[in-house]
Structure formats: C-alpha cells, structure tokens
Amino acid sequence: MSPDSSKTHSSTGLLANIADILVIDRLRPDDDTERSYIETELVPSIADQGLIVPIILNKLDQPTTGPNIFGDTITSDLRLIEGWSRLVAFTYLKLTEIPYAERASLSNGELHMLEIESNIRRRNMPWQSKVLGIYKVHKEKTSRAKEARERWEVWCEALRKWLVNPYKVTFHG
C-alpha cells in the first residue's frame with residue numbers, strides 16, 4: 001500500500017531521515033499484536049489520511065551510537081521518545097523521512113518518563129463516540145463515493161461485521 005500523494009502530513013517543519021533515528025531501550029515490546037495493529041490499521045490510516053501526529057525525538061547534546069529502526073548500528077543525535085508504531089508504519093510505506101517534534105537534552109530517566117506518560121495517559125473512546133464517529137465517516141465516504149460514482153459496499157460490509165463483533169474487524173476507510 002502506498003500513501004496517497006495528495007495527503008499531507010502534520011508538520012512541525014522538522015523532518016528526520018528515518019534511518020538516522022536512534023531507537024534505544026524502548027519500554028513497549030515489538031510483538032505480533034503491535035505489528036498486526038501497524039499493518040492492518042496504522043499503515044492504511046497514514047496512507048489514507050497522512051500522519052496526524054508527528055513522532056517525538058530527543059535532540060541529543062552529542063551524537064550517540066546505537067540501533068536504528070532497521071537494526072543497523074548508527075551514530076546520530078536524534079533519539080526516539082514516542083511514536084515507534086508510526087515510525088514503523090512509515091517504513092512499511094517505504095517513506096524515508098518523517099515529521100517530528102523535538103525535545104532537547106533529556107536524560108535517560110526523563111526519556112522513560114515521557115515514553116510511559118504518553119502511553120498510559122491514553123483513554124479509550126467511549127463506544128457511543130465510536131459509533132457516532134463511524135456514522136460520520138460513513139456519511140462522508142458515501143457522499144464522496146456517490147460523487148465519484150464509486151461503490152462503497154466493501155466498507156459497509158466491514159461496518160456490518162464490526163457491529164456484530166467489534167473485536168475482530170478493522171476499518172481501512
């Protein structure tokens with residue numbers, strides 16, 4: 001799946017070469033569940049909508065040697081704080097640069113505090129809000145499909161399946 005070239009990514013004005021980002025000592029595991037989420041939900045979302053939230057990088061005072069997202073040993077002054085899944089999704093889309101926001105000169109302890117803070121403060125959306133959101137997206141997609149004289153039945157069937165079993169179906173817009 002390749003990204004729609006007409007989609008733009010959120011921008012801080014900062015772009016990092018993906019291969020130049022250090023990925024050191026992450027707290028969350030790289031497991032099948034995470035990879036499945038990235039492949040089935042995040043990659044299609046970024047391809048369709050662009051990157052909504054930039055990744056967060058620590059600008060180091062001095063370059064450090066360590067692994068990048070590909071497992072190569074590099075020397076860089078950019079270290080990932082938050083956004084590993086988005087970074088991996090960009091590699092799946094064969095993109096070479098990613099927008100980022102920057103925090104500078106953080107200690108290892110501060111890096112871990114920011115990573116855990118960004119992960120544990122997430123709230124799941126209430127089911128009522130999900131249903132309303134699905135309705136609004138369905139309405140918009142139906143309107144666009146009608147204008148373009150396209151079919152929308154595939155997404156509607158996915159919606160029907162999700163309503164029957166919301167834990168086994170993902171939406172790809």
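Here are a few friendly notes on the sheet and helices of this predicted model.

1. Four strands form an open sheet in the order 1-4-2-3, and their pairing is mixed. Strand 1 (15-17) and strand 3 (73-82) are the edge strands; each has a single partner strand, so one side of each is left without a neighbour in the sheet. From one strand to the next, the twist averages 60°.

2. Now for a pairing inside the sheet. Strand 2 (residues 55-67) and strand 4 (residues 97-104) run parallel and are joined by five bridges. If you want a place to look, Asn-58 has Arg-103 in strand 4 as its bridge partner.

3. Two helices deserve a look against the sheet. Helix 2 (residues 84-92) packs on it, touching strand 2, strand 3 and strand 4, and the direction of helix 2 makes about 155° with that of strand 4. Helix 3 (residues 108-120) lies across strand 2, strand 3 and strand 4, and runs at about 45° to strand 3.

4. Helix 2 also has a helical partner. Helix 1 (residues 32-49) packs with helix 2 at an angle of about 70°, and their axes are 9 Å apart. Angles of 65 to 115 degrees count as roughly perpendicular, so helix 1 and helix 2 are roughly perpendicular to each other. The crossing of helix 1 past helix 2 is right-handed.

5. Which residues make that contact? On helix 1 they include Tyr-37, Ile-38, Leu-42 and Ile-46, and on helix 2 they include Trp-84, Val-88, Phe-90 and Tyr-92. The residues of this contact divide into 10 nonpolar, one polar and four charged.

Methods. Residues are numbered from 1 along each chain as its sequence is written. This is a predicted model: local features need pLDDT of at least 70, side-chain atom pairs count only at pLDDT 80 or more; totals for chains, interfaces and linings use all residues. Side-chain values use heavy atoms; hydrogens and water are left out. Two strands pair if DSSP finds at least two bridges between them. Axes are lines fitted to C-alpha atoms, for helices over the stretch in contact, and angles run from 0 to 180 degrees between N-to-C directions. Contact means heavy atoms within 4.5 Å. Angles under 35 degrees count as roughly parallel, over 145 as roughly antiparallel, 65 to 115 as roughly perpendicular and the rest as oblique. A crossing is left-handed if the near helix is turned anticlockwise from the far one by less than a right angle, and right-handed if clockwise. Ala, Val, Leu, Ile, Met, Phe, Trp, Tyr, Cys and Pro count as nonpolar, Asp, Glu, Lys and Arg as charged, and the others, Gly among them, as polar.
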